[in-house]
Amino acid sequence: MIEARHLRVLRAVAGTGSFSAAARELGCTQPAVSQQMKALEQSAGTPLLVRTGREMRLTQAGDALVRHAAGILAGLTAAEEEVAAIAGLRAGRVRLVSFPSGSSTLVPTALAAMRAEHPGTRVSLVEAEPPRSVEMLRDGDCDVALAFRYAGASASAAEWEDLVVRPLLTDRLVGLVPEGHRLAGAERLGMAELADEPWIAGCPRCRRHLVEVCEGAGFTPRIDFATDDYPAVVGLVGAGLGVAVLPELAVESVRAKGVATLAVEPAVEREVVALTLPDLARVPAVAATLTQLERAAAR
């Protein structure tokens with residue numbers, strides 16, 4: 001019989017490449033990792049790892065087992081949490097991953113409400129932009145992913161079809177220009193009006209979308225600076241080094257000093273959602289986190 005603890009060890013070894021690194025990740029000893037891997041191979045009836053120098057390589061059987069492990073472990077977590085809630089333990093753990101502007105706007109309100117209403121539930125937070133955050137969810141490295149996608153972007157709507165999608169809000173992009181810019185007093189901004197300007201671009205996905213939007217307006221933007229850090233984007237615009245477009249959530253999370261914000265026409269929007277796996281959506285602590293994220297977005 002294959003045990004869940006053995007699958008967790010196999011995933012750690014596959015991810016780190018060695019017994020010693022896996023032991024450090026799991027907080028146990030190297031002999032313990034070796035013993036559990038030996039027990040797993042006995043249960044499987046075939047070798048799962050091949051030693052190549054100082055590293056471990058998965059066999060075909062080992063690769064197959066690792067591919068199934070994330071779904072198996074997610075299902076087990078869902079079962080354990082649901083049974084615990086039914087038994088009245090009122091405890092749980094939720095691992096949340098969010099993109100930075102979501103972390104500074106939606107997440108604090110949601111987590112404060114979670115702590116007040118469900119003090120026995122622990123919620124951890126790490127940051128990652130989509131599509132990395134979505135990969136983490138599918139790999140079993142988080143329980144809820146706060147993500148976004150742009151309306152009309154080249155990515156297909158099918159990219160989340162295997163997940164539970166909880167819509168939160170529509171986040172509109174706004175234009176940023178220095179306060180002394182010729183367009184700073186305008187009520188709205190057509191993208192083509194900035195065709196000859198130097199640009200400051202954001203995260204890789206936002207950067208690709210910026211190029212698509214500008215090309216749709218008839219020009220290719222000259223990107224002088226690119227940074228994943230929204231305060232840096234605002235700071236560069238405020239210093240007169242270029243123009244930018246950012247989601248309203250991002251502008252809301254930054255003190256926009258020396259910058260004028262303008263409505264972009266035609267409207268450019270992104271859909272902000274919370275994602276989880278179907279099995280995890282039935283876990284009470286995960287369901288409560290999704291509800292609090294919805295409430296935070298509605299405010």
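How many residues line the largest pocket, and which of them lie nearest its centre?

Author: This is a predicted model, and what follows should be read as a description of that prediction. The largest pocket is lined by 22 residues, and those nearest its centre are R8, R11, L73, G140 and D141. The space in this largest pocket comes to about 560 Å³. The elements that give two or more residues to its lining are α1, α2, α4 (60-86) and β3 (92-98), and the largest share, seven residues, comes from α4. By class, the lining of the largest pocket consists of nine nonpolar, three polar and ten charged residues.

In general terms, two packed helices are described by the angle between their axes and by the distance between the axes. For α1 (residues 4-16) and α2 (residues 19-26), the angle is about 120° and the axes are 8 Å apart; the two helices are therefore oblique to each other, and their crossing is right-handed. On the α1 side, R8, V9, A12, V13 and T16 take part in the contact, and they meet F19, A21, A22, E25 and L26 of α2. The residues of this contact divide into seven nonpolar, one polar and two charged.

The contact with α3 is made by R5, H6, V9, L10 and V13 of α1, together with V33, Q36, M37, A39 and L40 of α3. By class, this contact has seven nonpolar, two polar and one charged residues.

The structure holds one cavity of 30 Å³ or more, and about 100 Å³ of space lies in the largest cavity. Its lining is made up of Y150, L173, I200, A201, G202, C206, H209, L210, V213, V245, L246 and P247, and the elements that give two or more residues to it are β8 (198-201), α7 (204-216) and β10 (244-247). The largest share, four residues, comes from α7. The lining of this cavity has ten nonpolar, two polar and no charged residues, whereas the lining of the largest pocket includes ten charged residues.

Two details of the backbone complete the picture. Most peptide bonds are trans, but a cis peptide bond joins P130 and P131, with omega about 10°, and P131 lies in the loop between β4 (121-127) and α6 (132-138). The peptide bond from E265 to P266 is also cis, with omega near -5°, and P266 is found in the loop between β11 (259-265) and β12 (269-276).

Note on methods. Residues are numbered from 1 along each chain as its sequence is written. This is a predicted model: local features need pLDDT of at least 70, side-chain atom pairs count only at pLDDT 80 or more; totals for chains, interfaces and linings use all residues. Side-chain values use heavy atoms; hydrogens and water are left out. On a 1 Å grid over the protein atoms alone, a cavity is a set of points where a 1.4 Å probe fits but cannot get out, and a pocket is an open set with protein on both sides within 12 Å along at least five of seven lines; lining residues have an atom within 4 Å of a point. Grid points are joined across faces, edges and corners, and a volume is the space filled by probe spheres set on the points. Ala, Val, Leu, Ile, Met, Phe, Trp, Tyr, Cys and Pro count as nonpolar, Asp, Glu, Lys and Arg as charged, and the others, Gly among them, as polar. Axes are lines fitted to C-alpha atoms, for helices over the stretch in contact, and angles run from 0 to 180 degrees between N-to-C directions. Angles under 35 degrees count as roughly parallel, over 145 as roughly antiparallel, 65 to 115 as roughly perpendicular and the rest as oblique. A crossing is left-handed if the near helix is turned anticlockwise from the far one by less than a right angle, and right-handed if clockwise. Contact means heavy atoms within 4.5 Å.
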